[in-house]
Amino acid sequence: MPKSTNPFFFVFSRRFLAFCVVGTVGLLVDLAALHALAPWAGWYVGRVISFIAAASTTWYFNRRYTFADAPAEGGAGLARQYLRYLVSMLGGAAVNYAAYVATLQFLTSPYAPAWGVAFGSLAGLAVNFASANWVVFRRGPAR
């Protein structure tokens, strides 16, 4: 089966696996920021801020490693790419945040916020990968 029609191609691609590794780094940033912010901002507002910190981190590493073959953007183009990345991640962020809130509502464990971040990250993974791959870091027309 050609890779373009194989539904499992992206799951086993180097790009998807690198996206998952970068996402794990983002998860760690997310957790650290959330736990640092929660005493002042609370678990819900802190989660919004920690998501922005994680998304900024993943943008940098995805740009540098996962999608290094995408056309380079410098200066103002780089700022546009960053904003396009943040906006394109909002679909995954909505799924992510919904899973996070649901986890906080249903788990009474002191680890519920960490589980919520983990479940949210997994829930938003497919949406975020599709957005990054086909919107933010698209390769452009073949030469």
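This is a predicted model: local features need pLDDT of at least 70, side-chain atom pairs count only at pLDDT 80 or more; totals for chains, interfaces and linings use all residues.
Reader: What pattern does the protein chain follow when it is read along the sequence?

Author: Read in that direction, the pattern is α-α-α-α. Buried residues account for 35% of the 143 residues in the chain, and its accessible surface comes to about 8500 Å², of which 72% belongs to carbon and sulfur atoms.

Reader: Which residues of H2 are buried, and what covers them?

Author: The buried residues in H2 are Gly77, Gln81, Tyr85, Leu86 and Ser88. Their cover includes helix H1 (14-66), helix H3 (90-106) and helix H4 (112-136).

Reader: Why is Thr66 called buried?

Author: The word buried is kept for a relative accessible area under 20%, and Thr66 has a value of 0%, so Thr66 is buried. This residue is found in helix H1, and, leaving aside neighbours within four places in sequence, Thr66 is in contact with Arg14, Arg15, Ala18, Phe19, Val22 and Phe61.

Reader: What makes the pair Thr66 and Asn62 a polar contact?

Author: A polar contact needs a pair of N or O atoms within 3.5 Å, and the side chains of Thr66 and Asn62 are joined by such a contact at 2.8 Å.

Reader: Why is the pair Arg15 and Asp69 called a salt bridge?

Author: The rule asks for a side-chain nitrogen of Lys or Arg within 4 Å of a carboxyl oxygen of Asp or Glu; the side chains of Arg15 and Asp69 meet at 2.4 Å, N to O, and therefore the pair counts as a salt bridge. Arg15 lies in helix H1 and Asp69 in the loop between H1 and H2, so the pair ties together parts that are 54 residues apart in sequence.

Reader: Are Arg15 and Asp69 buried or partly exposed?

Author: With the cut-off for buried set at under 20%, Arg15 counts as buried at 8% relative accessibility.

Reader: How many salt bridges does the rule count?

Author: The count comes to two salt bridges. Besides the pair of Arg15 and Asp69, the side chains of Asp30 and Arg47 meet in a salt bridge at 2.8 Å, N to O, and both Asp30 and Arg47 are buried.

Reader: Where is Gly92 found, and how do you know that Gly92 is buried?

Author: Gly92 is found in helix H3. Its relative accessible area is 0%, which is under the 20% limit, so Gly92 is buried.

Reader: Which residues is Gly92 in contact with, leaving aside its neighbours within four places in sequence?

Author: Those residues are Gly124, Val127 and Asn128. Gly92 and Gly124 are 32 residues apart along the chain, and their C-alpha atoms are separated by 4.2 Å.

Reader: Why is Tyr44 called partly exposed?

Author: Tyr44 has a relative accessibility of 36%, and because this lies between 20% and 50%, Tyr44 counts as partly exposed. This residue is found in helix H1, and, apart from neighbours within four places in sequence, Tyr44 is in contact with Tyr97, Val101, Leu104 and Gln105.

Reader: What makes the side chains of Tyr44 and Gln105 a polar contact?

Author: The limit for such a pair of N or O atoms is 3.5 Å, and the side chain of Tyr44 makes its polar contact with the side chain of Gln105 at 3.0 Å.

Reader: Which residues make the nonpolar surface patch?

Author: Val45, Val48, Ile49 and Ile52 make this patch, which covers about 330 Å².

Notes: Residues are numbered from 1 along each chain as its sequence is written. Side-chain values use heavy atoms; hydrogens and water are left out. Buried means under 20% relative accessible area, exposed over 50%, partly exposed in between (1.4 Å probe, protein chains only). Helices (H or I, at least four residues) and strands (E, at least two) are DSSP runs, numbered from the N terminus. Contact means heavy atoms within 4.5 Å. A polar contact is a pair of N or O atoms within 3.5 Å; within protein, one must be able to donate a hydrogen and the other to accept it, and residues adjacent in sequence count only if both atoms are side-chain atoms. Patches are made of residues with over 30% relative accessible area and no salt bridge: like charges are joined within 9 Å, nonpolar side chains (Val, Leu, Ile, Met, Phe, Trp, Tyr) within 5 Å. Accessible areas come from the Shrake-Rupley method with a 1.4 Å probe; for residues, only the protein chains shown count as cover.
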